[in-house]
Amino acid sequence: MVVLAWAGAALAQQQPTKPEPGAFERATGKTPAAAPTATTAPALSSPLPAGAGTAMPSGSGAGYHSPNSPIAPLPQRNDVVPWSVLTDLTKKTTKDGILPVFNDAQKGMDKTTQRIQGFMVPLDAKGTQTHFLLTSVPLTCSFCLPGGPESMVEVKAKTPVRYSLEPVVVEGKFSVLTNDQYGLYYRVVEAVPVK
């Protein structure tokens with residue numbers, strides 16, 4: 001026991017201690033090297049094209065579909081609500097959060113049957129989904145949403161929809177959500193898949 005205590009004390013004496021701030025300067029009489037200036041540091045470049053992602057703060061807008069994505073953007077369809085209609089809104093900040101301010105076109109779609117096209121974000125690990133999100137651009141990672149709440153629609157399907165990396169279209173009762181507890185702006189219920 002005595003040997004172990006002696007070994008522990010000797011080991012504790014060998015452990016380096018954290019120097020006090022300014023100890024190096026006092027001991028050597030030198031000042032630390034200056035931080036590199038902008039002229040000596042290498043310039044970093046953005047992975048986004050010039051101007052992309054600067055119009056809206058993070059977590060806002062319709063999202064950005066990378067031209068390098070292996071998934072093609074949404075095809076043009078005349079029988080679905082365009083995402084430009086859904087994302088064209090303003091927001092107001094209150095003490096409880098950020099709330100949407102819907103325009104007349106969005107208010108006019110409330111409680112009507114609409115078709116929405118988008119990329120699926122599954123909410124469970126099944127091959128078919130009855131509760132999922134549709135987004136205007138595909139996911140770039142499994143943990144990231146591709147845009148703000150105006151770029152997604154919550155879907156509660158009447159019949160299961162098979163998960164796909166390709167765009168899907170659903171039709172159901174569309175609602176605008178003025179103060180959703182999850183921060184969503186749009187929902188489609190009783191949805192069925194459409195070809």
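A residue is called buried under 20% relative accessible area, exposed over 50%, and partly exposed in between, with a 1.4 Å probe and protein chains only. By this criterion, 29% of the 195 residues in the protein are buried. The model is predicted, so local features need pLDDT of at least 70 and side-chain atom pairs count only at pLDDT 80 or more, whereas totals for chains, interfaces and linings use all residues. Residues are numbered from 1 along each chain as its sequence is written, and side-chain values use heavy atoms, with hydrogens and water left out.

**Whole chain.** Begin with a cartoon view coloured by secondary structure. The protein has four helices and seven strands (DSSP runs numbered from the N terminus: helices are H or I of at least four residues, strands E of at least two). Their order along the sequence is α-α-α-β-β-α-β-β-β-β-β. Switching to a surface shows an accessible area of about 13300 Å², 59% of it from carbon and sulfur atoms (Shrake-Rupley method, 1.4 Å probe).

**Strand β7.** Next, select residues 186–194, which form strand β7. Strands count as paired if DSSP finds at least two bridges between them. Strand β5 (residues 152–162) runs parallel to β7 and is joined to it by four bridges; here Ala 157 has Ala 191 as its bridge partner. Strand β6 (residues 168–176) runs antiparallel to β7, with seven bridges, and Val 169 stands opposite Val 194.

**Nonpolar cores.** Show the side chains of Leu 86, Ile 116, Phe 132, Leu 134, Val 153, Phe 174 and Tyr 186, the residues with the most contacts inside the largest nonpolar core, which has 22 residues. Such a core is a set of buried Ala, Val, Leu, Ile, Met, Phe, Trp, Tyr and Cys residues joined through side-chain atoms within 4.5 Å. Two or more residues come from each of α3 (83–87), β3 (112–122), β4 (128–135), β5, β6 and β7. A second, separate core of five residues includes Leu 133, Met 152, Leu 177 and Leu 184.

Now centre on Leu 134. Which residues does Leu 134 contact beyond its neighbours within four places in sequence? Among them are Trp 83, Ile 116, Phe 119, Val 153 and Val 170 (contact means heavy atoms within 4.5 Å). Across the protein, 63% of contacts with a separation of 6 or more join residues 24 or more positions apart.
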